[in-house]
Amino acid sequence: MPATLTPAQLARDLAVRDLTDPGAGPHAVQLLVDEAVRSLAGLWSCEVRRCPGDRIVTVADNYDNLGYHPADVTRDARYTRYVDDRHVLRSHSTALVPAALRNLAADPADDVLLVCPGLVYRRDSIDRLHSGTPHQLDLWRIVRGTVTRADLEEMVAALVPDRRWRLGARRHPYTVDGAQLDVEHDGRWVEVAECGLAHAGVLARAGLGNGWSGLALGLGLDRMVMLRKGIPDIRLLRSTEPAIAAQLTDLAPYRPVSALPPVRRDLSIAVPADDRAEDLGDRVRDALGDEADVVESVEIRQETPYVRLPAQARARLGATPGQKNLLVRLVLRPLDRTLTDQEANVLRDRAYAGLHRGNVHEWAGLTGGRGTAGA
């Protein structure tokens with residue numbers, strides 16, 4: 001059985017506001033969903049069915065019914081938040097699609113747009129563009145008949161009418177002829193969605209057999225809102241600071257609020273050799289809990305395997321074989337206030353305790369200096 005969330009971790013994750021839910025208050029994310037639905041419904045003159053669902057979904061709907069292989073690495077607890085051996089916190093909004101397809105099979109329509117928006121739970125790095133709880137929107141057009149790649153490109157053009165865009169090949173277990181959608185922004189290409197023709201196996205597992213086909217597209221809502229409004233930091237989407245929150249109920253350009261100075265702390269840590277930025281981000285979120293939103297970024301600046309560490313460095317870290325040394329820059333910048341040095345050091349030590357896996361610790365202020373684990 002995979003490692004599961006503790007009751008405290010589950011309660012914390014379920015308490016995160018879903019910005020796509022009108023019941024939790026208005027937000028620009030919802031306006032973007034409505035705009036996308038209007039564009040596609042107008043293009044196709046099809047029925048629209050909105051299909052929100054529970055944050056806790058079955059492993060089958062998150063993976064099996066979408067065609068993921070039983071041995072797929074994405075199923076590992078390192079990348080998925082297991083509630084128990086049969087349920088997870090949805091890791092993508094596509095996990096809502098199998099139930100939407102089953103409902104369609106029970107109540108058929110010849111041409112329908114399934115709209116599946118929601119908060120999802122990811123193992124992700126911490127920086128200005130990434131969050132462990134982003135928002136996604138799956139849009140699946142299901143027809144009794146045949147759709148083609150040309151229909152998919154028409155769908156993309158309707159969703160990003162005012163931008164240059166391109167499609168690059170991308171494999172998904174739930175699509176055929178899968179692609180990644182990039183749009184041009186400030187002279188560079190930015191990934192915003194993934195898409196393809198709906199896989200016949202996914203439709204068949206839901207009860208939609210011969211004669212049915214579809215288009216599948218999953219959109220990153222946070223990234224699209226940030227591009228649309230010119231928002232530089234993903235944390236701003238959840239800000240309760242009045243001068244910021246007032247700007248998050250429309251799609252007008254964002255007017256910058258005075259930026260507070262960052263506080264930087266550099267950490268030298270020993271971690272498992274296979275740790276990645278996503279692992280560090282997850283451990284910092286767990287270590288800081290409700291205060292994790294003060295972290296602007298966790299940046300790996302240098303990486304040294306154990307075998308290349310001098311004996312003195314190994315002793316200083318308490319590193320062991322099978323580990324590596326990372327030099328990590330922790331950038332702290334609350335959106336509503338400036339941290340004191342003491343506050344920053346407390347947060348630094350909490351993050352360090354969550355990250356460092358060596359047997360010797362070097363604290364900034366909480367424990368009075370260097371010592372062994374548990375000192």
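These legends go with a handful of close-up views of a predicted model. Numbering starts at 1 in each chain, following the sequence as written, and side-chain values use heavy atoms, with hydrogens and water left out. Because the model is predicted, local features need pLDDT of at least 70 and side-chain atom pairs count only at pLDDT 80 or more, while totals for chains, interfaces and linings use all residues.

View 1. H2 covers residues 28-44; helices (H or I, at least four residues) and strands (E, at least two) are DSSP runs, numbered from the N terminus. With 17 residues at 1.5 Å each, H2 should span 24 Å, and its end C-alpha atoms sit 25 Å apart, which agrees; the expected span is 1.5 Å times one less than the number of residues. Buried residues of H2 include Val-29, Leu-32, Val-33, Ala-36, Val-37, Leu-40 and Trp-44. Here, buried means under 20% relative accessible area, exposed over 50%, and partly exposed in between (1.4 Å probe, protein chains only). An α-helix has 3.6 residues a turn, so residues three or four places apart point the same way. The partners of the buried H2 residues include strand E1 (47-50), helix H5 (149-159) and helix H7 (221-229).

**View 2. Helices H9 and H11 crossing.** H9 (residues 277-288) and H11 (residues 341-355) pack at about 125 degrees, with their axes 8 Å apart. Axes are lines fitted to C-alpha atoms, for helices over the stretch in contact, and angles run from 0 to 180 degrees between N-to-C directions. The two helices are therefore oblique to each other; under 35 degrees would count as roughly parallel, over 145 as roughly antiparallel, 65 to 115 as roughly perpendicular, and the rest is oblique. On the H9 side you'll find Leu-280, Arg-283, Val-284, Ala-287 and Leu-288, meeting Leu-347, Arg-350, Ala-351, Gly-354 and Leu-355 of H11. Contact means heavy atoms within 4.5 Å.

**View 3. Helix H11 and its cover.** H11 has 15 residues and reaches 21 Å from first C-alpha to last, close to the 21 Å expected at 1.5 Å a residue. Among its buried residues are Ala-344, Arg-348, Asp-349 and Tyr-352. What covers the buried residues includes H9 along with strands E11 (263-272), E13 (323-332) and E14 (360-362).

**View 4. Gly-218 in strand E10.** Gly-218 lies in E10, and at 22% relative accessibility it counts as partly exposed. Leaving out neighbours within four places in sequence, Gly-218 is in contact with Leu-137, Asp-138, Val-192, Ala-193 and Glu-194. Cys-116 is 102 residues from Gly-218 in sequence, yet their C-alpha atoms are 9.1 Å apart.

**View 5. Two aspartates with positive phi.** Asp-177 belongs to strand E8 (residues 175-185) and has a phi of about 55 degrees, although it is not a glycine. Its relative accessible area of 40% makes Asp-177 partly exposed. Asp-186 lies in the loop between E8 and strand E9 (188-198), with phi near 50 degrees. At 70% relative accessibility, Asp-186 counts as exposed.

**View 6. Arg-329 in strand E13.** Arg-329 sits in E13 and is partly exposed at 22% relative accessibility. Beyond residues up to four places away in sequence, Arg-329 touches Arg-264, Arg-265, Asp-266, Ser-297, Val-298, Glu-299 and Arg-301. The C-alpha atoms of Arg-329 and Ile-300 are separated by 6.5 Å, with the two residues 29 apart along the chain.
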